[in-house]
Amino acid sequence: MTVTARGYVVAIDNGSQSTKVLIVDGDGVVHASARVPLRPYASPSPGRWEHPDDDLWDSVVAAVREALARFDGDHSEIRGVGLCTIRFCRAVLRNDGSLAQPIMSWMDERLPHAYEREVQDAAYVTTSSGYIGHRLTGERRDAAGNYQGMWPIDSERWTWSGDASEYARTGMDPQMLFELVAPGEVLGRVTAAAAHRTGLPAGIPVIATSNDKAVEALGAGLREEGDALLSLGTYVATMTVGDRPLGSNADVWTNFGAEPGAYLYESNGVRRGMWTVSWFRELISSSGCGMTEEELNVGAAQVPVGAGGIVAALDWLAPPDEPWRRGALVGFDGTQGRFHIYRAILEALAIETAASDDRARAVLGRRRRSLVVTGGGSSSPLMLQILAAVYRVPVRTPLVRDAAGMGAAICAAVGVGMHRSWEGAVDAMVREGERVDVDLELARGYEEVARTYATVIPRIRRLFSETD
């Protein structure tokens with residue numbers, strides 16, 4: 001069957017820092033793409049983080065239009081849209097579906113707590129995918145897999161809870177909630193108004209995916225228990241495949257997968273991981289020494305293991321249960337420069353996430369055999385080399401680095417019938433990119449650095465807890 005006969009899907013990946021759009025065929029070939037940055041978060045008061053105005057929808061509109069403008073295929077062959085958005089966000093809507101207040105970011109301190117009505121005209125409470133899906137289709141349906149956190153969700157059945165106490169606990173009236181659908185099912189069809197705004201063909205189906213991390217795992221081809229996936233995004237943590245919800249545990253938690261009935265087991269993570277990389281690059285640029293990330297990587301590659309003694313505490317965003325945490329850089333002796341600091345940040349990401357993955361795997365009783373790396377940081381050869389040495393397993397990347405985008409394309413391809421099964425879609429659409437083996441000398445060097453981190457990081461955190 002030819003690519004033209006099978007058609008194309010539009011994959012929307014609305015992330016924490018930008019919206020990315022891919023136009024993909026049934027073989028996983030990307031025919032056009034676009035990326036539109038999100039505006040900086042608004043913080044109207046301490047602990048509150050919001051997406052300003054209608055920024056999420058505006059970025060989706062702009063990115064879709066840009067990708068379609070670059071697409072030289074037949075637009076009538078676009079068969080559907082896969083919609084993936086940031087998890088843990090909360091959108092409060094009026095009766096007409098417009099925003100009653102700004103969308104709360106996953107970082108907002110309100111999200112771990114029960115919903116409290118802040119505006120009189122609040123009629124619905126949903127996720128970012130529920131809101132964007134409504135803007136595209138006019139329907140009040142949402143992806144069941146995007147409901148983690150403070151929601152009255154039955155994690156075993158992927159439906160709203162039948163326990164009245166869950167609605168009291170979460171502060172949500174059932175009448176305020178959208179209908180839930182499984183990955184690969186239809187959320188609705190693109191309305192004439194949405195088609196006019198975005199350029200998408202009117203009437204094509206919008207397909208549900210799951211939360212962005214799960215969709216990323218799907219698009220990276222995470223299939224085996226021995227594989228760990230490290231998502232190098234704003235939030236950085238490892239995941240591995242699961243088959244059922246786990247009980248409560250401090251070192252590993254259960255996330256919905258991106259296939260119906262599938263789950264992921266996720267370690268603790270760094271809450272502003274690659275954001276810290278971007279922060280440091282922008283900090284240098286603002287001082288008049290503009291440098292690209294590639295230039296920083298080249299310079300940091302010349303710095304020895306251990307970054308000249310600098311230790312980075314990646315607590316730029318404190319977790320809700322330990323609000324006193326702060327980011328820190330320690331260990332200066334006057335010999336280090338910007339490349340040392342940059343390498344220290346990369347090393348800290350590797351060491352902290354590997355330690356969290358070790359703890360999660362101890363709970364699961366699983367041995368780590370390989371590491372799949374996704375996200376913007378996966379394009380750094382230095383980062384991949386450090387990760388292979390710290391995790392002590394071979395590292396690989398997917399060919400398409402926007403794994404969440406490819407995952408959304410897979411969901412859409414299954415949903416519109418381009419592939420008959422999830423396994424067949426993954427086999428056809430996901431390909432391996434780079435592979436990096438373990439450098440044993442480097443690995444031995446990082447054993448000592450990891451021991452330093454295990455000693456220093458608890459002391460830094462204790463220092464801030466005592467001064468809070």
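This is a predicted model: local features need pLDDT of at least 70, side-chain atom pairs count only at pLDDT 80 or more; totals for chains, interfaces and linings use all residues.
Student: Thanks! How many helices and strands are there in the protein chain?

Tutor: Both kinds of element are numbered from the N terminus. Counting the runs in the protein chain gives 13 helices and 23 strands.

Student: How does the radius of gyration compare with what the globule rule gives for 468 residues?

Tutor: For 468 residues the globule rule gives 23 Å, and the chain comes close to that, so it is as compact as a globular protein of that length. Along its principal axes, the C-alpha trace spans about 65 × 50 × 50 Å. The radius of gyration itself is 22 Å.

Student: What share of the residues of the protein chain count as buried?

Tutor: A residue is buried when its relative accessible area is under 20%. Of the 468 residues, the buried share is 56%.

Student: Is helix α10 largely enclosed or exposed, and which of its residues are buried?

Tutor: Helix α10 covers residues 381-391, and nine of its 11 residues are buried, so the helix is largely enclosed by the rest of the structure. The buried residues are Leu382, Met383, Leu384, Ile386, Leu387, Ala388, Ala389, Val390 and Tyr391.

Student: How are α6 and α11 oriented to each other?

Tutor: Helix α6 spans residues 212-219 and helix α11 spans residues 403-415, and their axes lie 6 Å apart at an angle of about 80 degrees. Angles of 65 to 115 degrees count as roughly perpendicular. The two helices are therefore roughly perpendicular.

Student: Which residues of α6 make the contact, and what classes does the contact have?

Tutor: On the α11 side, the contact includes Ala403, Met406 and Ile410. By class, the contact has eight nonpolar, two polar and two charged residues. From α6 come Asp212, Val215, Glu216, Leu218 and Gly219.

Student: Is aspartate 55 buried or exposed, and what is it in contact with?

Tutor: Aspartate 55 lies in helix α2, residues 55-70. Its relative accessible area is 6%, so aspartate 55 is buried. Leaving aside neighbours within four places in sequence, aspartate 55 is in contact with Leu38 and Arg39.

Methods. Residues are numbered from 1 along each chain as its sequence is written. Side-chain values use heavy atoms; hydrogens and water are left out. Axes are lines fitted to C-alpha atoms, for helices over the stretch in contact, and angles run from 0 to 180 degrees between N-to-C directions. Helices (H or I, at least four residues) and strands (E, at least two) are DSSP runs, numbered from the N terminus. Angles under 35 degrees count as roughly parallel, over 145 as roughly antiparallel, 65 to 115 as roughly perpendicular and the rest as oblique. Contact means heavy atoms within 4.5 Å. Ala, Val, Leu, Ile, Met, Phe, Trp, Tyr, Cys and Pro count as nonpolar, Asp, Glu, Lys and Arg as charged, and the others, Gly among them, as polar. The radius of gyration is taken over C-alpha atoms; the globule rule is 2.2 Å times the number of residues to the power 0.38. Buried means under 20% relative accessible area, exposed over 50%, partly exposed in between (1.4 Å probe, protein chains only).
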